[in-house]
Amino acid sequence: CDMNFVLDTILQKQADGEDIFAMADPSRIGVFGHSLGGATAVAVGRERTDIDAVIDLEGTMIGEYEGYDVDHYLYNNTPYTTPLLDVNSAQIYESAKAYTKQEHVNFYVLENASDAHEAIFRDAGHLNFTDLPMVSPILAHMLGCGSVNAKECLTNVNEMVLQYFNYYLKDAASLAIQETY
C-alpha cells in the first residue's frame, strides 16, 4: 500500500542520512489517517512490527474483515497489539452503537486490542477531521461537515493527535485523551 511505500522511503532516506530525514527516529513510528486512510493506518499497524502507535480518524477498519459466515462477519481474531486510538464523530459512533461488537468491526477490534482508546467528537461530521471546513466551508458542508466550530474542532484533533503520539513515541508522562470533545 502507499503508506508502506512512504514509510519505507522515509526509513531508507533516514538510514542514508539524507537531509531532514536524518532527524527521524526509526525506533519510534506512529501512523494515522482519516477515513480510508485511517483504515489503512490500522492495517499497516497490524502488519508491520516497527509501528509503535496508530490513530484511526473515523475510518472503518476494513482490513480486519476476514469474511462472512451465514449471518455474521468474521474478523481477524488475533488481538491488535499496537496501541490504537479510534476517533469518531458522535453521529457515526451513535449509528454504529446500533450494532453489536460482532457486527461492527471497530468495536470488535477495540474490544480485543491490548491497548486501545476511543474519542468521540460532538457535533462533528466526517470532514471535520480534515482541514476542508477551513479551506472550503461550502464544499465541506455539502460533503459532510457537522455544526461544530471548524477551527476549534481541528485544534482539538491536532492537540489530541500530538498528545497521543507524545505519549507513545516520546515517553510523555501521561496520556490525557478525553472520551468526548
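**Exercise 1. Is Phe-129 buried or exposed?**

Solution. Recall the cut-offs: buried means under 20% relative accessible area, exposed over 50%, partly exposed in between (1.4 Å probe, protein chains only). Phe-129 has a relative accessible area of 5%, so Phe-129 is buried.

The model is predicted: local features need pLDDT of at least 70, side-chain atom pairs count only at pLDDT 80 or more, and totals for chains, interfaces and linings use all residues. Residues are numbered from 1 along each chain as its sequence is written, and side-chain values use heavy atoms, leaving out hydrogens and water.

**Exercise 2. Describe the aromatic pairs.**

Solution. Start with the rule: rings of Phe, Tyr and Trp (its six-membered ring) pair if their centres lie within 6.5 Å; planes under 30 degrees apart count as stacked, over 60 as edge-to-face and the rest as tilted.

- Searching the whole structure gives 12 aromatic pairs.
- One of them joins Tyr-93 and Phe-107: 5.8 Å centre to centre, 80° between the planes, edge-to-face.
- This pair links distant parts of the chain, with Tyr-93 in helix H3 (residues 90-96) and Phe-107 in helix H4 (residues 105-112), 14 residues apart. Helices (H or I, at least four residues) are DSSP runs, numbered from the N terminus.
- Phe-107 counts as buried because its relative accessibility is 16%.
- Phe-121 and Phe-129 also pair edge-to-face, at 5.4 Å centre to centre and 85° between the planes.
- Phe-121 has 2% relative accessibility, so Phe-121 counts as buried.

**Exercise 3. Classify Ile-138.**

Solution. First, locate Ile-138: helix H6 (residues 137-143). Next, take its relative accessibility, 66%; therefore Ile-138 counts as exposed.

Technical notes:
Helix = DSSP H or I, 4+ residues; strand = E, 2+ residues; numbered from the N terminus.
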